[in-house]
Amino acid sequence: MSGSRLLGTGSALPRQVVTNAQLAERVDTSDEWIVTRTGIRQRHIAGEGETTATLATAAARAALADAGVDAASIGLIVLATATPDNTFPATATKVQAALGCNGGIAFDVAAVCSGFLYALATADSLLRTGMAKRALVIGAETFSRILDWEDRTTCVLFGDGAGAVVLEAPSAEHPDRNAPGIIASKLHADGAQHDLLYVDGGPSSTQTVGHVRMRGSEVFRHAVVNLSDVLMEVLAETGFSASDIDWVVPHQANARILDATARKLGIAPEKVIVTVDRHANTSAASVPLALDVARKDGRIKSGDLVMLEAMGGGFTWGASLIRM
Ligand code: UT7
């Protein structure tokens, strides 16, 4: 049976843009180092009144408008974030209240940068079983609030934002692999790599929020291997080949990871959607943000075969193949 159909996308970014040059006034770094090592030129940083929930709600509203559906028809909200407004309740419930579609299912997913892939696969599974008819799947983050602004090895890498998609349950059996919908998703985690990318605080351990800590070059190495492996796994399962893919929408951590992964798979660089230059790494928001950018600028069209992929803290990683 084919998977849930994607009816619309939306995104939201904080008003404030911070350039590399502005960061170089705060920490010992340079525009040249950041651009050559990461491809990042600027990032959006949440200001007063902007939180993960407000960004998520704005992205959700944009996705609903794009899909042309009413919030009242949403029976499921799955929100991926590592930076919730509160330890509990789930930020998804704040979005639900803001949209006025109370009564359905709403919960958060914590898989950091792979969060959107985890959320999408979870929502798709719930829709396939009939738990709801329509879902909002959101990736939303305010990583600026868990960065150590004295640590140049991490604070230059991240930004804030949100992206959302509206999904609809599959209506009939569709053995046709060209039917629109999520064709396959694969998720993985390797908890043994926990210490390479984590936050050094939490309610139960330190009673503080903590700051992001990362051994960047080791994460980089794992990212290229894990991402190319999971892409191959999805292709092998579905019978498609790399040349069938119209667009890859990757997690936007580092332009060099995007290049290396595409090269390893033999995918032309012009088929890879890149937003890391403008948004930096927005963790769970980066894939739906990039997807929305590429749909709205006309690159990704109906009927295109699109591969989403991400890897992050845990480690967690995953990929989804979608016919738009
Ligand atoms: O989203 C989840 C997944 N996350 C990722 O995928 C991130 C993966 N990692 C990366 O993107 C890269 O490893 C980084 C961009 C984080 C770092 O790039 P790198 O080429 O791996 O650099 P490095 O960590 O090996 O550091 C090289 C040098 C070091 O100096 P020494 O020890 O060689 O003297 C760092 O101290 O660059 C120095 N450095 C900086 N210099 C200027 C580190 N950060 C900065 C900085 N400005 N902001």
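Which of the 24 residues around the ligand come nearest? Keep that question in mind while selecting the parts below; the model on screen is a predicted one.

Start with the ligand itself. The ligand sits in the largest pocket. Around the ligand there are 24 residues, and those that come nearest are Thr29, Arg37, Arg152, Asn254 and Asn281. Select these five and show their atoms.

Next, pick out individual contacts. At Arg37, look at the side chain: one of its polar atoms is 2.8 Å from an oxygen atom of the ligand. At Arg152, look at the backbone instead, where an N or O atom lies 2.9 Å from a ligand nitrogen atom. Switch to a surface view here: the ligand taken alone exposes 960 Å², and the protein buries 73% of that.

Now colour by secondary structure. At least two residues of the shell come from each of α2 (31-38), α6 (152-155), α7 (216-238), α8 (255-265) and β12 (305-312). Select α7 within this group, as α7 gives the most to the shell, with 4 residues.

Domain 1 covers 5-168 and domain 2 covers 181-323, and each supplies at least three residues to the shell around the ligand.

Last, colour the shell by residue type. How many of its residues are nonpolar, polar and charged? The shell divides into 11 nonpolar residues, 9 polar ones and 4 charged ones.

Key: Residues are numbered from 1 along each chain as its sequence is written. This is a predicted model: local features need pLDDT of at least 70, side-chain atom pairs count only at pLDDT 80 or more; totals for chains, interfaces and linings use all residues. Side-chain values use heavy atoms; hydrogens and water are left out. A residue is near a molecule or strand if one of its heavy atoms lies within 4 Å of it. A polar contact is a pair of N or O atoms within 3.5 Å; within protein, one must be able to donate a hydrogen and the other to accept it, and residues adjacent in sequence count only if both atoms are side-chain atoms. Accessible areas come from the Shrake-Rupley method with a 1.4 Å probe; for residues, only the protein chains shown count as cover. On a 1 Å grid over the protein atoms alone, a cavity is a set of points where a 1.4 Å probe fits but cannot get out, and a pocket is an open set with protein on both sides within 12 Å along at least five of seven lines; lining residues have an atom within 4 Å of a point. A molecule sits in a cavity or pocket if more than half of its atoms lie within 2 Å of its grid points. Ala, Val, Leu, Ile, Met, Phe, Trp, Tyr, Cys and Pro count as nonpolar, Asp, Glu, Lys and Arg as charged, and the others, Gly among them, as polar. Domain bounds come from an automatic or database domain assignment.
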